[in-house]
Amino acid sequence: MHCFYMRCFLEMNVRNGTDIDAGNLLRCFNSLGFNVVVLNDQTRNQMKNILQDVSQENHSNNACFACILLSHGDEGKIYGTDGAMPIKTLTSLFRGDVCKTLVGKPKLFFIQACRGSEFDQGIQTDSGSTGEVETDANPRYKIPVEADFLYAYSTVPGYYSWRNPGKGSWFAQALCNAFKEYGKDFEIMQILTRVNYMVAMHFESWSEDPRFSEKKQIPCIVSMLTKELYFKQK
């Protein structure tokens with residue numbers, strides 16, 4: 001299996017804790033059987049060109065592809081060292097009509113970045129179709145070009161993504177802990193549901209400035225996978 005990890009961000013403010021995320025994620029995905037390539041401080045064109053080259057490789061012997069992006073962000077955008085670019089520019093390089101040797105195989109994108117500037121205030125709680133449409137226009141077997149993607153965002157659209165300078169981002173901490181505990185036994189959506197729970201229930205911001213204190217976060221998982229995915233080494 002193949003995994004690319006890229007740490008790319010502008011020096012508009014220092015992302016304290018990112019190096020901790022990087023080390024944890026590297027160990028985590030190595031333990032799952034991925035061959036991990038780490039790239040730091042890439043421009044927009046460098047990110048695009050690198051992933052374009054990867055998408056043109058022969059992945060016939062790879063069961064899965066994963067890409068991890070750690071950077072500043074906004075809704076639908078990720079930052080390179082020279083500015084922002086649409087995330088879709090990178091992910092579309094692995095569509096079925098572009099990257100033929102990954103057709104039918106899982107393509108996973110983990111994105112630790114803000115998707116806006118809103119804060120989740122949290123809320124107190126006391127407790128934790130069968131029909132199908134078919135056409136006979138073309139009897140050949142086809143699958144959608146956008147099939148078999150999974151996007152795991154650190155937060156929901158419009159919201160800030162939190163990071164602890166000494167321990168790393170909430171999302172990366174939960175992701176590594178969940179894969180360590182459940183990665184060899186549970187299916188990917190079961191694992192990511194536990195990531196959602198960990199981030200939602202185990203983390204809350206604290207700051208001397210009340211505007212940034214007692215805030216919450218919930219990751220966002222978008223799946224177009226067409227089959228279950230387990231990480232079991234041979």
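This is a predicted model: local features need pLDDT of at least 70, side-chain atom pairs count only at pLDDT 80 or more; totals for chains, interfaces and linings use all residues.
The protein contains 5 helices and 11 strands. Of its 234 residues, 46% are buried. The accessible surface comes to about 12,700 Å². Carbon and sulfur atoms account for 49% of that surface.

Helix H2 spans residues 44–55. Its 12 residues reach 17 Å from the first C-alpha to the last, close to the 16 Å expected at 1.5 Å a residue. Met-47, Leu-51, Val-54 and Ser-55 are buried in H2. Seen down the helix axis, these buried residues fall within an arc of 100 degrees, so they line one face of H2. An α-helix has 3.6 residues a turn, so residues three or four places apart point the same way. Asn-45 and Asp-53 are exposed, on the face of H2 turned away from the buried side. The cover over the buried residues of H2 includes strands E1 (2–7), E3 (65–70), E5 (77–80) and E6 (83–86), together with helix H3 (87–91).

The largest nonpolar core holds 36 residues. Within this core, Phe-29, Leu-108, Phe-110 and Phe-179 touch the most other members. At least two residues each come from E1, H1 (18–31), E3, E7 (107–112), E8 (149–153), H4 (170–182) and H5 (188–202). H4 gives the largest share, 9 residues. Beyond its neighbours within four places in sequence, Leu-108 is in contact with Cys-64, Phe-65, Ala-66, Cys-67, Leu-150, Leu-225, Leu-229 and Phe-231. Another core, of 23 residues, lies apart from the largest one. Its members include Met-6, Cys-67, Leu-102 and Ile-111.

Methods
Residues are numbered from 1 along each chain as its sequence is written. Side-chain values use heavy atoms; hydrogens and water are left out. Helices (H or I, at least four residues) and strands (E, at least two) are DSSP runs, numbered from the N terminus. Buried means under 20% relative accessible area, exposed over 50%, partly exposed in between (1.4 Å probe, protein chains only). Accessible areas come from the Shrake-Rupley method with a 1.4 Å probe; for residues, only the protein chains shown count as cover. The expected span of a helix is 1.5 Å times one less than its number of residues. The arc is that of the directions from the helix axis to the C-beta atoms. Contact means heavy atoms within 4.5 Å. A nonpolar core is a set of buried Ala, Val, Leu, Ile, Met, Phe, Trp, Tyr and Cys residues joined through side-chain atoms within 4.5 Å.
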